[in-house]
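User: Hi! I'd like to learn how to read the main features of a structure like this one. Could you take me through them?

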Amino acid sequence: MIWKKLTIETTTEAVDMISYTLGELGVEGIEVEDKIPLSEEDRKAMFIDILPELPEDDGVALISCYIDDPDRDVGAFVKQLQEELEQIRQFMDIGIGTITVGETEDKDWINNWKEYFHPFRLENILIKPTWIDAAEVEKQPGDIMVEIDPGTAFGTGAHETTKLCIAQLRKYLNGRQEVFDVGCGSGILSIIAVKLGARQVFGMDIDPLAVEASYENIAVNHISREQAVFVQGNLLEESDPSALISAGRLEKQYDIVVANILADVIIPLSAKVGQYLKPEGIFIASGIINTKEGAVREALTAQGFQIIETTYMKDWVCMTAQLLRRK
């Protein structure tokens with residue numbers, strides 16, 4: 001279906017009034033684009049770790065709405081809307097108040113990305129989408145099959161940061177260890193850790209949809225809830241390791257902690273993660289853009305970690321560190 005898209009260029013001051021007016025004219029939903037920075041409350045609600053860098057707020061806003069009624073006279077609606085805007089202009093600055101009419105195709109944006117996710121392998125680890133039949137995938141003797149449907153959570157395994165983590169898990173997991181997956185996303189690293197021999201994995205993510213996706217994915221991969229436990233939480237806000245025990249774990253500390261997040265999260269996390277590691281435990285930190293490598297290295301060293309390996313893929317860095325002393 002082709003939708004008509006109407007976009008009003010106005011001021012941030014007039015957004016509420018124009019939005020109300022659109023509602024009175026029968027518009028059921030709008031989208032607003034502006035340069036106003038997200039508040040801390042908005043950031044937490046949207047599960048955004050790093051706020052985007054926006055240009056300076058210039059007070060300009062774009063309000064868009066969509067019309068899918070083929071019987072509606074778009075020209076007459078635009079004329080009516082323009083008259084309403086001129087009425088509002090009498091007592092409020094609405095900027096230039098222009099209305100642009102375009103078209104957009106109706107697509108399933110939630111699932112459209114799936115056409116780009118194809119099976120791939122990392123040595124003997126074969127990762128495939130759940131919607132592709134296993135018979136269609138060329139499997140070799142000794143392959144470890146991992147099936148993933150990330151849903152709205154992050155993590156197909158195809159990103160460089162995830163590949164770096166998987167390589168390090170393969171190297172440092174020697175069986176029967178316990179792993180803490182911080183920011184578990186789709187659960188892909190937790191699943192691979194179990195398949196590589198981890199005795200048990202505990203995953204945490206700030207997004208409840210990630211927890212849901214992780215449980216769905218371990219079920220597809222025939223991993224029990226005794227082998228992998230996931231909870232919603234923010235490790236940066238946890239002041240007491242006992243909170244993890246109440247969440248379903250019996251151990252306070254882990255052999256390996258893996259975090260595929262972002263550099264600006266790993267830096268403060270480095271001050272927290274040590275209390276969840278056994279002596280000489282391994283911390284695998286990925287999601288580090290190369291421009292932040294020095295800052296992450298400095299933060300880890302300051303918290304008693306010795307960086308034993310640094311690996312790279314394109315613009316991304318993964319640091320594997322060992323806890324030598326507790327702060």
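Analyst: Gladly! Helices (H or I, at least four residues) and strands (E, at least two) are DSSP runs, numbered from the N terminus. In this predicted model, the protein chain has 14 strands and nine helices.

User: How much of the protein chain counts as buried?

Analyst: Buried means under 20% relative accessible area. Here 44% of the 327 residues count as buried. The chain exposes about 16900 Å², with carbon and sulfur atoms supplying 50% of that area.

User: What share of the contacts links residues 24 or more positions apart?

Analyst: Among contacts in the protein chain with a separation of 6 or more, such pairs make up 67%. For a distance between two C-alpha atoms, take Tyr-254 and Val-179: they are 75 residues apart along the chain, yet their C-alpha atoms are separated by 5.7 Å.

User: Where is Tyr-254 found, and is Tyr-254 buried or exposed?

Analyst: Tyr-254 belongs to strand β11, which covers residues 254-260. Because its relative accessible area is 0%, Tyr-254 is buried.

User: Now the helix pair, please. How do α1 and α3 cross?

Analyst: Start with the axes: those of α1 (residues 15-24) and α3 (residues 74-89) come within 11 Å and cross at roughly 140°. The crossing of α1 past α3 is right-handed.

User: And which residues meet there?

Analyst: From α1 come Met-17, Ile-18, Thr-21 and Leu-22, which meet Phe-77, Leu-81, Glu-84, Leu-85 and Ile-88 of α3. Sorted by class, this contact has seven nonpolar residues, one polar and one charged.

Notes. Residues numbered from 1 in each chain as written. Predicted model: local features only at pLDDT ≥ 70, side-chain atom pairs only at ≥ 80, totals over all residues. Heavy atoms only, no water. Axes fitted to C-alpha atoms, helices over the stretch in contact; angles between N-to-C directions. Left-handed = near helix turned anticlockwise from the far one by under 90°. Contact = heavy atoms within 4.5 Å. Nonpolar A, V, L, I, M, F, W, Y, C, P; charged D, E, K, R; others polar. Buried < 20%, exposed > 50% of the residue type's maximum accessible area, 1.4 Å probe, protein only. Areas by Shrake-Rupley, 256 points an atom, 1.4 Å probe, with all protein chains shown as cover.
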